[in-house]
Protein chains: 6
Amino acid sequence: MKKIVTLGEIMLRLSPPGNQRFFQTTSLNVEFGGSEANVGAALAYWGMDVAHVTAFPDHELGRSAAGKLRNVGIDTRFVQFSPGRMGIYFLEHGAMQRSSQIIYDRAGSSFAQLDPKVLNWEEILDGADWFHWSGITPALSQNCADITLQALEVAAKKGVKVSGDLNYRSNLWQYGKSPDEIMPRLMELTHVMIAGSRDFKQCLGEDFKSFAEVRSMAFERFKRLEYIVKTDRISHSSSSNTLSAALYAKKKTFSSRAYELTHIVDRVGTGDAFAGGLIYGLLEMKPKEAIEFAMAAGAMKHSVPGDVLICSLQEVKELADGEATGKIKR
Amino acid sequence: MKKIVTLGEIMLRLSPPGNQRFFQTTSLNVEFGGSEANVGAALAYWGMDVAHVTAFPDHELGRSAAGKLRNVGIDTRFVQFSPGRMGIYFLEHGAMQRSSQIIYDRAGSSFAQLDPKVLNWEEILDGADWFHWSGITPALSQNCADITLQALEVAAKKGVKVSGDLNYRSNLWQYGKSPDEIMPRLMELTHVMIAGSRDFKQCLGEDFKSFAEVRSMAFERFKRLEYIVKTDRISHSSSSNTLSAALYAKKKTFSSRAYELTHIVDRVGTGDAFAGGLIYGLLEMKPKEAIEFAMAAGAMKHSVPGDVLICSLQEVKELADGEATGKIKR
Amino acid sequence: MKKIVTLGEIMLRLSPPGNQRFFQTTSLNVEFGGSEANVGAALAYWGMDVAHVTAFPDHELGRSAAGKLRNVGIDTRFVQFSPGRMGIYFLEHGAMQRSSQIIYDRAGSSFAQLDPKVLNWEEILDGADWFHWSGITPALSQNCADITLQALEVAAKKGVKVSGDLNYRSNLWQYGKSPDEIMPRLMELTHVMIAGSRDFKQCLGEDFKSFAEVRSMAFERFKRLEYIVKTDRISHSSSSNTLSAALYAKKKTFSSRAYELTHIVDRVGTGDAFAGGLIYGLLEMKPKEAIEFAMAAGAMKHSVPGDVLICSLQEVKELADGEATGKIKR
Amino acid sequence: MKKIVTLGEIMLRLSPPGNQRFFQTTSLNVEFGGSEANVGAALAYWGMDVAHVTAFPDHELGRSAAGKLRNVGIDTRFVQFSPGRMGIYFLEHGAMQRSSQIIYDRAGSSFAQLDPKVLNWEEILDGADWFHWSGITPALSQNCADITLQALEVAAKKGVKVSGDLNYRSNLWQYGKSPDEIMPRLMELTHVMIAGSRDFKQCLGEDFKSFAEVRSMAFERFKRLEYIVKTDRISHSSSSNTLSAALYAKKKTFSSRAYELTHIVDRVGTGDAFAGGLIYGLLEMKPKEAIEFAMAAGAMKHSVPGDVLICSLQEVKELADGEATGKIKR
Amino acid sequence: MKKIVTLGEIMLRLSPPGNQRFFQTTSLNVEFGGSEANVGAALAYWGMDVAHVTAFPDHELGRSAAGKLRNVGIDTRFVQFSPGRMGIYFLEHGAMQRSSQIIYDRAGSSFAQLDPKVLNWEEILDGADWFHWSGITPALSQNCADITLQALEVAAKKGVKVSGDLNYRSNLWQYGKSPDEIMPRLMELTHVMIAGSRDFKQCLGEDFKSFAEVRSMAFERFKRLEYIVKTDRISHSSSSNTLSAALYAKKKTFSSRAYELTHIVDRVGTGDAFAGGLIYGLLEMKPKEAIEFAMAAGAMKHSVPGDVLICSLQEVKELADGEATGKIKR
Amino acid sequence: MKKIVTLGEIMLRLSPPGNQRFFQTTSLNVEFGGSEANVGAALAYWGMDVAHVTAFPDHELGRSAAGKLRNVGIDTRFVQFSPGRMGIYFLEHGAMQRSSQIIYDRAGSSFAQLDPKVLNWEEILDGADWFHWSGITPALSQNCADITLQALEVAAKKGVKVSGDLNYRSNLWQYGKSPDEIMPRLMELTHVMIAGSRDFKQCLGEDFKSFAEVRSMAFERFKRLEYIVKTDRISHSSSSNTLSAALYAKKKTFSSRAYELTHIVDRVGTGDAFAGGLIYGLLEMKPKEAIEFAMAAGAMKHSVPGDVLICSLQEVKELADGEATGKIKR
């Protein structure tokens, strides 16, 4: 059983039931989610030994969030209970031609304010096979950027494999730094980058003519880089998307099949499920199988409510193998 | 901010949750709806100054209905609390090849019994830019037909622009008059008619060979008429329709794009959302933009539960402009 | 009004609401279902005089199950309250590429343990026009196999028409007998068999090269056999299937149209609705109409939550006649 | 098993969940209830052979109501599907110092318009041991008054025992007759009257100084009268009542114990449960036991949601015997 | 119809359904509430002309909050949509010996950051009969303290009567001022103070030996003061309280009856309902009646879910008159 | 942080929402519970290091049950996934004079069939401070009796303190042994027995005249015995109980205060919460404090839905200290 460590903020996710709009609702469904924890949750559900590092306020909502992580099998030993509030995001599910909408309310969270000194990365990463971070964390606060860097430096020292979902978000980076002041050093310490051209452009503060140019630049510049991973999504409507992905090694490209995703149940967390599938795949499979497994995990997530992929290894494998036909399993 | 007045009955709408059938359900979702108030609600939600004229019984269900109108921003100053019951309609949502079903239970409502003398249309229409009525109102009772005529005559005197959704319903007109005894005079006082060939035929008690014939007859006969507006719906199943619309001036035709509406959430009130969009469009845009905006509003309503279009101006405009792709908005 | 008797186990059906997974749910929707009772329920809802024979534990869950049968119009005079537990099946609704899953928990049920001596088939089948059984019953226990045989022998004596849904289930037949020790005798007493090649193969313990071979063998071997009925389902995903059926007389074949079933609401009980439609059709219509009616009933069931087809005769007939377009019925 | 026939209107009961007010609610819980059917339902649940006579509109809400009667075991053979609407009552549950509120919306129901000629009382009362009616029925319409009288005359002829719950309601009797024009004849044909002084006063149009005077008058005037039954309720608040009852024979009085009813779950239908208990008691027990059983049934109903007493014979008997202590039954 | 203006923050109120704890819940009921708006809502529901002054973020949650104010009849003309977040409070309902718990998450709200310059109090208070504020507002931020003072100075100039609920909250006052730097000036401009000894002590930064001393000091020091109003609550458990109140003029004391409040439905907003009742009473009644009406309003609120008293004038008056016995109203 | 090990079966708990009866419900709330795991859950929620030993079927319901244990903080390292079904209990909540009812459906569970050889008690109890068992486990099957004995013998060898809740249940012990063949040896290895006279009588197969006699016998016979603990419950109704407890050392008795428990929310698991409190108390406090803490934990559980006490240490301590008055905590 491989040991994986993930780092990142977890928010309370509040969403109106069914297709209701914010204006209409009289109740909100409660989930907890955060990009990196979602990745860890998928892996833990498949039986991996996953520890997540984050911080919650020391009250019942924070304790409840920690309980939800344990529920899916995540080790919460390194979760901090510290000053600050619980970050929240309000999610309205779209339908048909109407988009899903997210209202973020995460400023001042315990995680954003977490003191880097309280985390002992030597201990946390002890025995770890893989560490996963995302570009959301260094975008939250200087503390969070510092924490990410510390983690990556210890990971490098210990020889832990590192994946990073660059995930540039324009409405973050409010604390006085721009991405290109922070991200390049973090990318240097990363082996697998999940990112498209726009992410590279924003993180490096440079323009590129094509993904081909990005690719050659990246493998040139980032010595540890083994793979760039990119998904391609065509959004026909909130209810129907086409999705595929590819894994780019320096010289070789491994493409997944494309999925027609109609009747979408929950669009959120699908990239995280993909990332979880990718880590599982790269740890346990060959590259071609890995990208198919990752894409199947990402596709499957569209059918599961909540932030987290609750699907067995067998279900994902069957879909990756093209054997899932929607017949009832008795 | 334009001032709009709408007139019409509002019913308690009771529908089994999800896809349940009447026979199965143990609870009913509560909404309030009525064709003309739905039109007003869409306009009020977009920031227009809308007053609705109707009547409710003087008990808590009536007060609750008035509260729902205020909730979306409608001015209820002219709502009457008067003898009679609360009209009800029971709505079972269809799915796939199974049709939606409506059981009307509206006889004896406060609105149908409303005394025309209690309404002071000089005051109600003071400063109004637009008045909207539908063919449902004169079909309910002689009182309601009289009220509609009074309103239209005052509107004509004051130079208020008038739209009418002819909306012939064969299960109404139970009070001893046929449509052709009542509707022609109301149509004479109307500038924008939402109607298809069948509506014209029933309202006028005449046969027409084609919509072309209807069109030339109508612009000939009704001197105030500026536009006929017609939607074309192809119903593949309860879950999937194709929908488009056109705005016919005397000489010119403005056609909207066609929408493929799969994964329909709520079929009811889509024509009212269209009419609301039309009024907004004709007040604020050129004809071609107006019909696109109206059709986008109508299309969007299929994704929103309830009778009323709860969608921002920006959402409708993006769809009208072809920019809505169902991507998550963060 | 025709009189129909059905025989079979009824289980408590527990399913997470909406698209939730077993792992996520905090409540379970309660239905009761069983293949043969589902057949009877559809027929009773259409006004047929249906009695169902089964057994429940003598506690409130058993009484509740009996109440549910009465609710749809089934006569429960012959329902036994006897030792054993309430069989349960847990159903997780699939969506998109994710399959529906059923966890059976039916061992030790009152029905499986029912003493054949308590049932007086002379009385039960008195005046009956039709008797329906399925291959699930003889697969549960020796008692159940004995009960089925007794019923069929009395039916034969009384000249009651018999349909059997062979429905081979590999996870049953745990009591020491194989299907080919039991089923052939039951098939000899049956006039209408709902079955595909695989069912014949398993029930007879023989291999066949094609359905054509099965068909000629069957009409040769089973002297009472009038029709074999077979459905063809192509499962694109949990949300979308293509479905058609055919009725095979010795010499003639009657094929139904094919239905595109997208936006599936509830996949369970669709074969039972089809069987109910078939019995109705064969009692009241010509063969071609019968198979169209049966297929329409089966198709319609995909839009109705629960195990049972709650649809009026008129709704099914309209679909069978190709007149159902999903327009709102007011 | 005794055979009992009940007669009366059944309404759709719509109530906001929990303690919500009409103004607040977004859904309504669905039950069906009517005084006399509630009586029949309690008796059917205890295993009596009960047929209820009523009328419903011929649409899905009417069919659903009939299904609910069958669900609890009532024979619906004599239920008519005839023109008119489904009567409705809206019930808001009180709490603490706040009263429960009922908004009736029953005018124009199928039952109120039922043609007396369609009911064949000779057939309906064939073999019956008991017939139960209430003062609500003759208060609805002349047709309903006529139907009640016809039923009572046939019952008298056949020697069927009759109970009547006089139940004077001031907001009924809208059809041009006053109670004293109708009720006296019905009372003459009744053996057991559930009524207090106010009911006698209103039904007879006479004043009485005391219940003692009522009692001596009644046994004098109504020759068939065997018992007057009266409950005494002290309402401390919506959540807490004290309740007792007495059975008055001409010379003898049988009093029940008093119940302290705190934490009331559902106040509606408690008198009907009492009446059901009374009929059961008078059919199966001695007077003293009967009144204790009736009172226990009435008390128990306060703990059961809905209009109908869903309690086993054993539960009621244990309470009547003073053995119910609220310990968990395993 | 009297015109009343209220000022204060409104928060999104999120509470687990029923008796669930934060740790357990999978959904949160949505209400909106704030002390002063709750006061205004009660008055608006009784038909008063109430305008509330507050600020919301310019997104759908803010618009929804404004819609809820309109729903109960509050005029939202002066509501600002301005930068900042939506304040939230999480409420867990207690039961029995377990306390209700509130987690506040209100820092950084639009209201706390509202620029005093955007409010034109001359216009807002034009024609007003009464202005109501609470000690929560000046405790939120310097801006809010400034806004309160501006409002009170204009009210004084215009001769508008002013009530203030001093309501000292120790977990507020985080912006660098202590209550005694701010509150005394606000109290000078207030005619009716709802406050106990502890509130006076904290607001003035002085110690008092008894309420008698507080009272004589207050009438001495605050020249506009007409009444001090004080409630006395004995909390037996979360489910059961005893509550009474008194109105202290300079020389005279008017005491209400005491209420035994068992079976409490919602404890929150009861003081606000009391304050609403007090304003209504002082505007429309004599002092003794006013304090009884206020106390009845406060008592009634314990039976209504949500922050707001949804009770008709008649219901409150009946309770104040001692006529509410919890009998069903039909 | 003390380390505690608990052993026992966990069942799926299915209960109708609110006050609904089994006959009425259309959904069942899902919890997981089992006496000993409930004890462990309370301790884990207070921050103790708790491992629970049990077995689940290897399907999604089993995995969900394990997830629920982790959710409250229980270590599931020793949970087995093995053949058998998921035990179920159906719980109907009583109200007022109506009792709660439990229908057990636990025969054939994975735990009852668990092979004693798969558990390595040397490893499980390594470093443990306390082991807790109950009389339910040896009553399920010979395997379970053997497992309990093995655990106790290893605990004795390792000097782990042992508590046992004797908890005689007459509807268990179906596997051919009587309690007095099994329990005495288990009791010999136990330091703290939670039991009343009836439990001792049934477990030992002997009669005792009084609890005094039981007490002196027990301390005489069971050499390891340190405390007998006994609760006294007076059940006034399902909604109202009086509860107290006492801790009996050989010579000394420590009695708790008595609690009036009105408005009971959930009666199940209250003894387990008490046992959890007792273990915590005996590990961390003096005997008098321990029994008060235990009783407070037991009392508090009546206010929390589900099987498990979700209450913080502070909440229980405040109640034990008499400081819980039901005031809102902000």
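**Exercise 1. The A/B relation**

What rotation superposes chain A on chain B, and with how much shift along its axis? Name the kind of axis.

*Solution.* This is a predicted model.
Step 1: chain A goes onto chain B by a rotation of 120°, with 0.0 Å of shift along the axis. The RMSD is 0.0 Å.
Step 2: that relation is therefore a three-fold axis.
Step 3: locate the axis relative to chain A. His263(A) has the C-alpha nearest to it in that chain, at 4.2 Å.
Step 4: compare the surfaces used. The copies use different ones, since 8% of the contact residues of chain A recur in chain B.

**Exercise 2. The A/B interface**

*Solution.* 
Step 1: take the area. About 2,200 Å² is buried between the two chains, and carbon and sulfur atoms give 58% of it.
Step 2: find the leading residues on the chain A side. Phe23(A), Met96(A) and Gln97(A) lose the most area to chain B, together 32% of what that side buries.
Step 3: look for charge pairing. There is 1 salt bridge between chain A and chain B. Arg21(A) and Glu315(B) form a salt bridge through their side chains, at 2.7 Å from N to O.

**Exercise 3. The B/E pair**

Which rotation superposes chain B on chain E? Then describe their interface.

*Solution.* 
Step 1: the rotation is 180°, with 0.0 Å of shift along its axis and an RMSD of 0.0 Å.
Step 2: this is therefore the relation of a two-fold axis.
Step 3: in chain B, the C-alpha of Asn71(B) is nearest the axis, 2.2 Å away.
Step 4: the same surface serves both copies, with 100% of the contact residues of chain B recurring in chain E.
Step 5: 8 residues of chain B contact 8 residues of chain E. The two chains bury about 610 Å² between them, 33% of it on carbon and sulfur atoms.
Step 6: Asn71(B) returns here. With Tyr45(B) and Arg70(B), Asn71(B) is among the residues of chain B that lose the most area to chain E, together 64% of what that side buries.
Step 7: the salt bridge count between chain B and chain E is 0. Polar contacts number 7 residue pairs, both residues at pLDDT 80 or more.
Step 8: helix α2 (residues 60–71) of chain B gives the largest share of the side touching chain E, 5 residues. By class, that side has 2 nonpolar, 3 polar and 3 charged residues.

**Exercise 4. Within a chain**

Where in chain B do Arg13(B) and Asp307(B) sit?

*Solution.* 
Step 1: the total over all chains is 141 salt bridges.
Step 2: Arg13(B) and Asp307(B) join side chains in a salt bridge, 2.8 Å from N to O.
Step 3: Arg13(B) lies in strand β2 (residues 11–15), and Asp307(B) in the loop between α9 (287–301) and α10 (313–320). The pair links distant parts of the chain, 294 residues apart.

**Exercise 5. The annotated domain**

What does UniProt list for residues 1–306 of chain A?

*Solution.* 
Step 1: the unreviewed UniProt entry lists "domain: Carbohydrate kinase PfkB" there.
Step 2: over this range chain A is 34% helix and 25% strand. The end C-alpha atoms are 26 Å apart.

Notes:
Residues are numbered from 1 along each chain as its sequence is written. Chains are lettered from A and ligands numbered from 1 in the order in which they are written. This is a predicted model: local features need pLDDT of at least 70, side-chain atom pairs count only at pLDDT 80 or more; totals for chains, interfaces and linings use all residues. Side-chain values use heavy atoms; hydrogens and water are left out. UniProt positions are given in the numbering used here, feature names are shortened, and annotations may be inferred rather than shown by experiment. Helices (H or I, at least four residues) and strands (E, at least two) are DSSP runs, numbered from the N terminus. Buried area is the accessible area (1.4 Å probe) that two parts lose on being put together, summed over both. A salt bridge is a side-chain nitrogen of Lys or Arg within 4 Å of a carboxyl oxygen of Asp or Glu. Copies are superposed by least squares on the C-alpha atoms of residues with pLDDT of at least 70 in both. Contact means heavy atoms within 4.5 Å. A polar contact is a pair of N or O atoms within 3.5 Å; within protein, one must be able to donate a hydrogen and the other to accept it, and residues adjacent in sequence count only if both atoms are side-chain atoms. Ala, Val, Leu, Ile, Met, Phe, Trp, Tyr, Cys and Pro count as nonpolar, Asp, Glu, Lys and Arg as charged, and the others, Gly among them, as polar.
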